[in-house]
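User: I am new to reading protein structures, and I would like to go through one feature by feature. Could you give me the general idea each time and then the case at hand?

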Amino acid sequence: SAPAGGALTLWADVTPKPGIHVYAAGATDFKPVGLVVTPHPGVQPGTPKYPKPDVATAQGSTGDVPAYSRPFRISLPITIARTAARGERF
């Protein structure tokens with residue numbers, strides 16, 4: 001089959017449960033949210049983009065930390081190799 005190739009953006013929509021927050025990049029003493037893509041030779045992921053976080057007060061922290069307490073979207077640009085076959089699953 002003919003080569004596919006091309007660029008697209010994957011979205012991960014995250015909805016924290018009420019009363020829960022997800023730490024954002026820049027949070028110290030806590031592990032921030034991250035998007036991990038399983039390596040595949042036909043897919044080249046770009047850099048994930050995260051929305052601007054809110055701030056939260058975290059137990060055990062000396063101050064406010066960047067976090068999400070409302071629904072947010074992480075976007076990830078990816079490039080599909082031109083050598084990928086049409087209909088190939090990744």
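User: How much of the chain counts as buried?

Analyst: In this predicted model, 22% of the 90 residues of the chain count as buried. The accessible surface of the chain comes to about 6,600 Å², and 57% of that surface belongs to carbon and sulfur atoms.

User: Which elements make up the chain, and in what order do they run?

Analyst: The chain has six strands and zero helices, so that, read from the N terminus on, the elements run β-β-β-β-β-β.

User: How do I read the pairing of these strands?

Analyst: The general idea is that strands of a sheet pair through backbone hydrogen bonds, and that the pairing is either parallel or antiparallel. Here, strand β1 (residues 6-14) and strand β6 (residues 72-80) run antiparallel and are joined by nine bridges, with Ala 7 standing opposite Thr 79 of β6. Strand β6 also pairs with β3 in the antiparallel sense, over three bridges, and in that pairing Pro 45 stands opposite Ile 78.

User: What is the strand order of the open sheet?

Analyst: The open sheet has three strands in the order β2-β5-β4, and their pairing is antiparallel. Its edge strands are β2 and β4 (54-57), each of which pairs on one side only.

User: Which residues make up the largest nonpolar core?

Analyst: As a general idea, nonpolar side chains in soluble globular proteins tend to be buried together. In this chain the largest nonpolar core has six residues, namely Tyr 23, Ala 27, Phe 30, Ala 56, Val 65 and Ala 67. Another core, of five residues, lies apart from it and includes Val 43, Leu 76, Ile 78 and Ile 80.

User: What is Ala 56 in contact with, beyond its neighbours within four places in sequence?

Analyst: With those neighbours left aside, Ala 56 is in contact with His 21, Gly 63, Asp 64, Val 65 and Ala 67. For the chain as a whole, among contacts with a separation of 6 or more, 74% are between residues 24 or more positions apart.

User: How should I read a pair of aromatic rings, and how many such pairs are there?

Analyst: A pair of aromatic rings is described by two quantities, the distance of the centres and the angle of the planes. The count here comes to two aromatic pairs. In one of them, the rings of Tyr 23 and Phe 30 have centres 4.4 Å apart and planes at 15 degrees, so the pair is stacked. The pair of Tyr 68 and Phe 72 is stacked as well, at 4.0 Å centre to centre and with 20 degrees between the planes.

User: Are Tyr 23, Tyr 68 and Phe 72 buried or exposed?

Analyst: Tyr 23 has a relative accessibility of 18% and therefore counts as buried, while Tyr 68 and Phe 72 are buried too.

User: Where is Asp 29 found, and what is its phi angle?

Analyst: Asp 29 is found in the loop between β2 (22-23) and β3 (43-45). Although Asp 29 is not a glycine, it has a positive phi of about 70 degrees. Its relative accessibility is 68%, so Asp 29 counts as exposed.

Key
Residues numbered from 1 in each chain as written. Predicted model: local features only at pLDDT ≥ 70, side-chain atom pairs only at ≥ 80, totals over all residues. Heavy atoms only, no water. Helix = DSSP H or I, 4+ residues; strand = E, 2+ residues; numbered from the N terminus. Buried < 20%, exposed > 50% of the residue type's maximum accessible area, 1.4 Å probe, protein only. Pairing = 2+ DSSP bridges. Core = buried A, V, L, I, M, F, W, Y, C linked by side-chain atoms within 4.5 Å. Contact = heavy atoms within 4.5 Å. Areas by Shrake-Rupley, 256 points an atom, 1.4 Å probe, with all protein chains shown as cover. Phe/Tyr/Trp six-rings, centres within 6.5 Å; stacked < 30°, edge-to-face > 60°.
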